[in-house]
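Reader: I want to learn how to read the main features here. Where should we start?

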Amino acid sequence: MSVRLIEGAQRTPQREAVTVFHIESKERSLPASTHCWEAKVMLTTMTTDSSLLNSELELQQQEELYQQLLLQTMGKMQSQNPDSKLIRPQPGICVKTLSEPSKQKIFINICQSNLVPPPPELSREELVELLQSEDPSGYRVPMSLGEPHIEIDNSSQGCTAYDVVINQEFFQMCQKDPLFQQFVILVSLEGLENKYSLELSRDWKVLKNRKFLGSVSEQNIRTKSRPVIQELKPQESSTAPAKRPEFTFVVEPPAGDPEYLIAEIKLPGVTSSRSLILDVGEDRLVLTARPSLFHLDVFHPFLIDQESSVAQYNNSTQILTVTMPVVSS
């Protein structure tokens, strides 16, 4: 079989030049038992309308121009407001809670950045005293509260997420002490409630295998604090120290190997669980009821599964029930 390649050029109005290749097959003398057919195959490249190319090019140029204008605008905003800075925080922990009373899922991404100033140094003993005081708001934790954004949770359901950014070193310290971690979560909840007029449940959960829900977004933070006018009041006599509440430990089942350790703590005068900070350790339970109402710090002879422990506060009976699975005794 002989193959002949013919090259030609065609032009059509308003269209680009197209090159057409014709491959022709000619019959040759073959034995009678062989059938040969004349075949012609034409390979043609796709024609392209120049107007479409021009439209795509214009769209690309418009997109590049938009990005340039966006960068210029951000630069102007930064120069007009030299007391602010754009930061990209690092993921930290993701906290799941609910909004009240709608019971909508809320996720709080507590992030970290070394560009956020640290709070004053605070020891664990000072933190306990602070939580027992009548006005713990005297201790400030610098943080950046981001705008709410809609995300999809693991159940493919819509939810709302907020990003909170604190100092990186302070975040790392809070990860080493559960009491500090709960304090930071509580402060974050109160900050979001004050800024966005929310009411968030104090029955939260720190997700184990997720540091952030959604994508990390940049935030604009102040580099200089606003001036504060503080009214000085004469020192008053110190208030009464926090009381040790009545409590009982119950083991379930009563006979045999214990499976659960249940603590029931009476808290008369506490009208809401929002004023409670509970820290469940492996062999220790610490409870603080603000302001300066109750403080309980007690050890027990059991090894507790901290992650599976749950607590429930009954507003009518004003009793806190903490159910703790027992690992060993």
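Author: Start with a definition. Buried means under 20% relative accessible area, exposed over 50%, and partly exposed in between (1.4 Å probe, protein chains only). Helices (H or I, at least four residues) and strands (E, at least two) are DSSP runs, numbered from the N terminus. Now the case: 15 of the 19 residues of α4 are buried, so α4 is largely enclosed by the rest of the structure.

Reader: What kind of model is this?

Author: A predicted model: local features need pLDDT of at least 70, side-chain atom pairs count only at pLDDT 80 or more, and totals for chains, interfaces and linings use all residues. Residues are numbered from 1 along each chain as its sequence is written, and side-chain values use heavy atoms, leaving out hydrogens and water.

Reader: How many helices and strands does the protein chain have?

Author: The chain has 4 helices and 19 strands. Of its 329 residues, 33% count as buried.

Reader: What span should α4 have?

Author: The expected span of a helix is 1.5 Å times one less than its number of residues. For the 19 residues of α4 that gives 27 Å, and the end C-alpha atoms are 27 Å apart, so the two agree.

Reader: What sits at the ends of α4?

Author: Aspartate 177 caps the N-terminal end: a side-chain oxygen lies 2.9 Å from the backbone nitrogen of leucine 179. After α4 comes serine 197, with a positive phi near 55°.

Reader: Which residues touch the most other members of the largest nonpolar core?

Author: In soluble globular proteins, nonpolar side chains tend to be buried together. A nonpolar core is a set of buried Ala, Val, Leu, Ile, Met, Phe, Trp, Tyr and Cys residues joined through side-chain atoms within 4.5 Å. The largest one here has 32 residues; Ile108, Ile110, Leu127, Phe170, Phe183 and Leu192 touch the most other members. α4 provides the largest share, 10 residues. A second, separate core of 21 residues includes Leu261, Leu287, Val298 and Phe302.

Reader: What is leucine 127 in contact with?

Author: Contact means heavy atoms within 4.5 Å. Leaving aside neighbours within four places in sequence, leucine 127 contacts Leu122, Leu179, Phe180 and Phe183.

Reader: Is serine 144 buried or exposed?

Author: Serine 144 is buried, with a relative accessible area of 10%. This residue is in strand β7 (residues 144-145). A polar contact is a pair of N or O atoms within 3.5 Å; within protein, one must be able to donate a hydrogen and the other to accept it, and residues adjacent in sequence count only if both atoms are side-chain atoms.
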